[in-house]
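Here are my notes on the model you sent over. Have it open while you go through the points.

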Amino acid sequence: MGASAAAPREASPTPEVVDRVRAAVREAVAPHDGPEGVRKASAAWIVTAAVDLTPP
């Protein structure tokens with residue numbers, strides 16, 4: 001799941017560490033698990049900008 005999946009791969013942890021991390025992540029998301037899966041409130045801003053380089 002995003003960065004939480006990439007970091008362990010890059011660190012080459014032992015199987016014991018992988019098990020501890022998985023357990024911690026499961027515990028953290030458990031309160032948000034429901035019939036539709038894990039749901040959590042979130043928000044995102046999508047911003048686009050441009051510079052007008054036309055001389056005045």
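1. Let me start with a surface feature. Val17, Val21 and Val25 together make a nonpolar surface patch of about 190 Å². Keep in mind throughout that this is a predicted model.

2. Val25 sits in helix α2, which runs over residues 15–29.

3. Thr48 is 23 residues away from Val25 along the chain, and the C-alpha atoms of the two are separated by 34 Å.

4. On to the overall fold. How many helices and strands does the protein have? The tally is 2 helices and 2 strands, and going along the sequence they come in the order α-α-β-β.

5. The overall dimensions deserve a look. The protein has a radius of gyration of 20 Å, whereas a compact globule of 56 residues would come in near 10 Å. Along the principal axes, the C-alpha trace spans about 65 × 35 × 15 Å.

6. What about burial? Of the 56 residues in the protein, buried ones make up 0%. Buried here means under 20% relative accessible area.

7. Now the charges. The protein carries 6 positive and 7 negative side chains. The centres of these two sets are 4 Å apart.

8. In general, side chains of opposite charge can pair when their charged atoms come close. Which side chains meet in a salt bridge here? They are those of Glu36 and Arg39, with an N to O distance of 2.4 Å. Searching the whole structure turns up 1 salt bridge.

9. Finally, how accessible are the two partners? Glu36 has a relative accessible area of 63%, so Glu36 is classed as exposed. Arg39 is exposed too, because its relative accessible area is 53% and the exposed class begins over 50%.

Terms used. Residues numbered from 1 in each chain as written. Predicted model: local features only at pLDDT ≥ 70, side-chain atom pairs only at ≥ 80, totals over all residues. Heavy atoms only, no water. Helix = DSSP H or I, 4+ residues; strand = E, 2+ residues; numbered from the N terminus. Rg over C-alpha atoms; globule rule 2.2 N^0.38 Å. Buried < 20%, exposed > 50% of the residue type's maximum accessible area, 1.4 Å probe, protein only. Lys, Arg positive; Asp, Glu negative; His and termini not counted. Charge placed at Lys NZ, Arg CZ, Asp CG, Glu CD. Patch = residues over 30% accessible without salt bridge, like charges linked within 9 Å, V, L, I, M, F, W, Y side chains within 5 Å. Areas by Shrake-Rupley, 256 points an atom, 1.4 Å probe, with all protein chains shown as cover. Salt bridge = Lys/Arg side-chain N within 4 Å of Asp/Glu carboxyl O.
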